[in-house]
Amino acid sequence: MNLELVLPILIPLTAGALSLALWRSVRLQRLLAVLATGLLLAAGVWLLASTTDQGFLVVEMGSWPAPFSIVLVADILAAIMIVLTGIIGLAIAVYSLASTPSGHEKFGYYPLMHLLLAGVAGAFLTGDIFNLFVWFEVMLLASFALLTLGGERAQMEGAIKYVTLNLFSSAIFLSAVGLLYGMVGTLNMADIAQKVNSVDDPGMITVVSMLFMVSFGIKAAAFPLFFWLPASYHTPQVAVSALFAGLLTKVGVYALYRVFTLIFTQDVDYTHNILLWGAALTMLTGVLGAAAQFEFRRILSFHIVSQIGYMLLGLALFTPLALIGGVFYIMHHIIVKTNLFLVSGITYRLLGSYELKNLGGIYRQRPYLALLFLIPALSLAGIPPLSGFFAKFIVVRASLESGEYLVTAIALLVGLLTLYSMIKIWAEVFWKKVPEHVTDLSMLNGKNQDKLSWAYFVPVVGLATSTLIIGLYGQPIYLLAELAAEQLMNPQLYIKAVLGGQST
Amino acid sequence: MATMMAYVVGLLFAASIYMMLRRSIVKLVIGLIILSNAANLLIFVVSGLTRGAPPLIPEGASGVVSAVADPLPQALILTAIVIAFSVLAFAVVLIRRAYEVVGTDDLDKMKDTDT
């Protein structure tokens, strides 16, 4: 029994249940939130240490031998994702202490946050395709409730689009699982991977793989299935936005990485080529959409879409270097994107708006905040020596080596346009003077008696430091990504670890 | 039997997509309900319909002796039904709240968060 494999799911689940039991005491719930997410991070680090040590960790639920039981499997990629979940969870929990309105806290904000984290962790760790569906639903249900907490008009409108498209994607996923089960007669991912090659009609496997691609593509917000994301991510309160921005779409990306390296690798020319062009168009439409926006969080939301393109590009090229780049990109992106949303929350606290035309003058009053924005913003655009530069560099180099020059050109152009968007935010929010129609400046110049809480800055500074560390001290991170990519390129290792070397 | 069920599943999917494309949010939710049922029925059909052969081990034997129905799809469907139930319960509450807050059930008028 590998305890570290079960803990990342158990900790948030227990914390969620305890928070529900402590419904009346918001103070205890807050304490528990920070404690449990901290423990989650610790468990993630433990898991990562074990997986780099032993390669794969497998736990068979109820001690039934695989493929009959539901298995939890951790390879290095899954362990990395769990560590990132822990980091983001902890950052959001601390940030929520300051930013979450007390009305939301009283209506179950913390239990929902824990359940969301449990769903995310479960989706990363499961080795059973139907179980993956169940974890997706756990995560979705918590995210639905978090998205609508507060019940404002924009939230309701955003939630209808978010709920509909995500349920639609779940139905496609479920249908695909059913069809796959009808063909191979098993749900264990390793067992499926072993059996798909002996199916009578390989064309049908490709058809099913397309269903998976569409379903996970909706969840990952890939072109042309991303419309729900910019319509809903800017509506809830900012800690929720940041949590979603960091983790939820990446679960879709992770699922794509898992099934398209493990299971659907028999017709790579066809499936991964579709992924390649999907990735290119995702990058392009996302960044162009952002160029047309003038609301802080909406710009950032469109940039999530465009960044997803880079991660998919890493998967689509399907070479060892490209996968390294993809994994590295995921690590960099989760930290940076969450950080940008958190900064937008601080500027909102100072001037009471997310609209660029109502913001300004922050550089003059709070230069350190401007610096804190600049680190993740330039990292997102890929300026050396920040983390984004190395992430982009690896992906671009991999696509050059594969000879995909057009896609490379698009990737570089998108980097440039990302810089344009970030400079737009910089100029509007930090550089220009405070607009004359903004009258309430008491928070900005510090004359208001409620000051900015320290809890706003701890996570922002922490995440910015992580960005710097990944950038300046990238070699160990690169080696980690290399190990993860090596496992992804050799699905035989995964199959052997789960099924214990038995053949069909 | 399987052919007929295939048509039924196809029809359900078509009906659900049609309902989801209507402008009223109530019809949208009805579409989602039909969609989840269609997916469940699909699992049931594609994993093979076996009639009159319950997966029971006869007394004295150590395993099943002849071909029996696969019990797993039913477990999957049961799980999916429970999940769909909870999600749809949320969706119904959501459209009610949305109707109260926005004051319309017309999806074409809920465009504030786009563009």
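The paragraphs below go through strands, helix packing, the nonpolar core and the chain contact of a predicted model. Local features need pLDDT of at least 70 and side-chain atom pairs count only at pLDDT 80 or more, while totals for chains, interfaces and linings use all residues. Residues are numbered from 1 along each chain as its sequence is written, and chains are lettered from A and ligands numbered from 1 in the order in which they are written.

Helices (H or I, at least four residues) and strands (E, at least two) are DSSP runs, numbered from the N terminus. In chain A, strand β1 (residues 57–60) runs antiparallel to β2(A) and is joined to it by four bridges; strands pair if DSSP finds at least two bridges between them. A:V58 stands opposite A:V73 in β2(A). From β2 (residues 71–74) of chain A, A:V71 and A:V73 point one way and A:L72 and A:A74 the other.

Helix α3 (residues 76–99) of chain A packs on helix α5 (residues 109–125) of chain A at about 170°, the axes being 9 Å apart. Axes are lines fitted to C-alpha atoms, for helices over the stretch in contact, and angles run from 0 to 180 degrees between N-to-C directions. The contact (C-beta atoms, placed from the backbone, within 7 Å) includes A:M81 and A:I82 of α3(A) and A:F124 of α5(A).

The axes of helix α9 (residues 202–220) and helix α11 (residues 238–262), both of chain A, come within 7 Å and cross at roughly 155°. That makes α9(A) roughly antiparallel to α11(A). Among the residues in this contact are A:F212 and A:F216 of α9(A) and A:L256 of α11(A).

A nonpolar core is a set of buried Ala, Val, Leu, Ile, Met, Phe, Trp, Tyr and Cys residues joined through C-beta atoms within 7 Å. The largest one has 239 residues, and A:I80 and A:V327 have the most contacts inside it. Not counting residues up to four places away in sequence, A:V327 touches A:L77, A:I80, A:A481, A:A484 and A:A485.

Between the chains, the contact takes 28 residues from chain A and 27 residues from chain B. On the side of chain A, α6 (129–148), α7 (153–184) and α10 (228–232) each supply at least two residues. The largest share, 18 residues, comes from α7(A).

Technical notes:
Two residues are in contact if their C-beta atoms, placed from the backbone, lie within 7 Å. Angles under 35 degrees count as roughly parallel, over 145 as roughly antiparallel, 65 to 115 as roughly perpendicular and the rest as oblique. A residue is buried if 20 or more other C-beta atoms lie within 10 Å of its own, exposed if 12 or fewer, and partly exposed in between; C-beta atoms are placed from the backbone.
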